[in-house]
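Hi everyone, thanks for coming. Let me put the sequence and the structure up on the screen, and then we'll walk through them together.

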Amino acid sequence: MDKEVAIKVQNVSKTFYIHEDAKFTLKALFASFFHQGKTRQFKALEDINFEVYKGEFIGLIGRNGSGKSTLLKLIAGIYDPDKGGKIDYLGRLIPFLELGVGFNPELTGRENIFLNGTILGMTRKFLEERLDGIIEFAELRDFIDVPVKNYSSGMTIRLAFSIAVQTKADIYLLDEVLSVGDIAFQKKSEAKMLELIDRGATVIYVTQSINKIKELSDRVIYIKDHKVEMIGDPETVTGQYEADVMQTL
Amino acid sequence: MFSILTKRHRFDLLIELVKTNFKMRYQNSVLGVLWVLIKPYATFAVMYVVWTRIVNVDIPNYQLYLLSGIILFSYFNELILLGQMSLLDNAHIILKVNFPRQIVVLSTMLSGLINLGINLIFFIVIAVISGVQFTYGSVLYFIFIVGIIFLFAMGVSFFTSVISIRFRDLKNIFELGIILLQWVTPVFYAVSSNLFSGRTSDYIAANPLGIVINQGRAAFDIYGTKNISLMIIYFIISFIIFLIGWRYFNKSVKKVAEHF
């Protein structure tokens, strides 16, 4: 089978420069004239290389702070990689690094649909057409004209998820967003995600749930200490990850 | 450069951001949008009483002189202060989604423009009562003046919005600066007045903001005469600042996400 590359990550490293004096104020500015302000380097990712094929579901695992989210942000174009690194992808990419980006608690659910939807790159017309579907899916028909600040956290996240899944992209980056709401809504949202994937979308999915990873992924990338430790079939890679974690306990 | 808005979804995003800015400012306030009017007109009322009853200014059509000055100055003031905070205020979006960041700056600028528009409605009413003749020429010239301030403020905001992220003092510096600026700008007095001794009036007359505001007044023959060639030069300078700002913004904005 001829596999088309959807995402290509080459020699990607990411260094953050952390100013020891975190407050960059006038005082700090003058202080640094006298003694050179200390900056500490922090390598969040080191020499990452991998390819993702079109239509693949990739699970991304690793311990907290290993660099998974930074990697997603690099692919999403929110950060630039260090010199020499290169990230290419084919088609339209939508990152879900967090659900409900730009949600404004003072606005009503309906107003937030348009705000959040346009932030995610949808047009107003498209959202108007989908409005009923979004409200229906979120199960918020009676509350849609109530300010979001009066929603429970479950309601908010349901609305956010319902908007997000309207996007039509070739590549989705998901950061722990599959498991939202109560069990009934989780089942519904998982089915919706699988529907997107069945349309041939490519997905990179970050989660701590090993079961989900095994169940959904075609391949798994394991990031350890800011480097790619292993890429391969879900059983092997998650097995290695679990063994590593057990060892540190 | 302007291709960022030719895509429909970018344009819709801009509109949503402007709408949200607007709603947020007046949500949960009893008087709501009326505040847009109350601030400049209350300032106007107080200043008018002070300067006509106490100081006894000799500027003809002083009510229009003062009102146009206050409206244009607060327009400038608002663009500069809002523009400077635009990236910080929208950090929650910028850190999560990738889109042309200029949209955020532009949306705050447009909020300022809308407030100017609301203020002008009442200004026009008062101007008509006072016998000002509105011609196509005068309206176009005024729009040109408004445009110069817009371009200049947006160019400056491209720098200040980025710098503010790491240098938070800038907000306070600018707030103070605007207060001081108002005293050296002919908002409520005229450059030609006999309030000043020595060369003070020469210095104040050289304040570019004052010159632009006076040209706004000249558009409707409230004060002074039009100086179109000078305003074209101002327009070009503002446009150059805008272009340099745009380049600086484009170059540095990717780094911005790392510094919040």
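So, how much area do chain B and chain A bury between them? About 2700 Å², with 58% of it on carbon and sulfur atoms. Buried area here is the accessible area (1.4 Å probe) that two parts lose on being put together, summed over both. On the chain B side, Lys96(B), Arg166(B) and Glu258(B) supply 23% of the area that this chain buries against chain A, more than any other three residues.

Quick housekeeping before we go on. This is a predicted model, where local features need pLDDT of at least 70 and side-chain atom pairs count only at pLDDT 80 or more, while totals for chains, interfaces and linings use all residues. Residues are numbered from 1 along each chain as its sequence is written, chains are lettered from A and ligands numbered from 1 in the order in which they are written, and side-chain values use heavy atoms, with hydrogens and water left out.

Back to the interface. Chain B brings 27 residues to the contact and chain A brings 31, where contact means heavy atoms within 4.5 Å. There are 2 salt bridges between the two chains; a salt bridge is a side-chain nitrogen of Lys or Arg within 4 Å of a carboxyl oxygen of Asp or Glu. One of them pairs Glu16(B) with Arg124(A), with the closest N and O atoms 2.5 Å apart.

Which helices of chain B each supply at least two residues to the side that touches chain A? Those are helix H1 (8-26), helix H4 (91-94) and helix H10 (228-259). Helices (H or I, at least four residues) and strands (E, at least two) are DSSP runs, numbered from the N terminus. H1(B) gives the largest share of that side, 10 residues. By type, the side of chain B that touches chain A splits into 9 nonpolar, 7 polar and 11 charged residues.

Now let's go inside chain A. Buried means under 20% relative accessible area, exposed over 50%, and partly exposed in between (1.4 Å probe, protein chains only). Ile171(A), Leu173(A) and Asp175(A) point one way from S6(A), and Tyr172(A) and Leu174(A) point the other way.

Who are the neighbours? Two strands pair if DSSP finds at least two bridges between them. Strand S5 (residues 93-96) of chain A runs parallel to S6(A), joined by 4 bridges, and Phe96(A) stands opposite Leu174(A). Strand S7 (residues 202-206) of chain A is also parallel to S6(A), this time with 5 bridges. Asp175(A) has Val206(A) as its bridge partner there, and Leu173(A) stands opposite Ile204(A).

S7(A) is largely enclosed by the rest of the structure, because 5 of its 5 residues are buried. Thr202(A), Ile204(A) and Val206(A) cover one side, with Val203(A) and Tyr205(A) on the other. Strand S3 (residues 57-61) of chain A pairs with S7(A) in the parallel sense over 4 bridges, and Phe57(A) has Val203(A) as its bridge partner.

Those two residues come back when we look at Ile197(A), in helix H6 (residues 183-198) of chain A. Ile197(A) touches Phe57(A) and Val203(A), not counting residues up to four places away in sequence. Is Ile197(A) buried or exposed? Buried, at 15% relative accessibility.

Next, Lys68(A), in helix H2 (residues 68-76) of chain A. This lysine is buried, with a relative accessible area of 7%. Leaving out residues up to four places away in sequence, its contacts include Leu60(A), Gly62(A) and Val206(A). The backbone oxygen of Gly62(A) lies 2.8 Å from a polar atom of the Lys68(A) side chain.

Last stop: Asp225(A), in the loop between strand S8 (219-224) and strand S9 (227-232) of chain A. Its phi is near 50°, a positive value in a residue other than glycine. Asp225(A) counts as exposed, at 55% relative accessibility.

Note on methods:
Ala, Val, Leu, Ile, Met, Phe, Trp, Tyr, Cys and Pro count as nonpolar, Asp, Glu, Lys and Arg as charged, and the others, Gly among them, as polar. A polar contact is a pair of N or O atoms within 3.5 Å; within protein, one must be able to donate a hydrogen and the other to accept it, and residues adjacent in sequence count only if both atoms are side-chain atoms.
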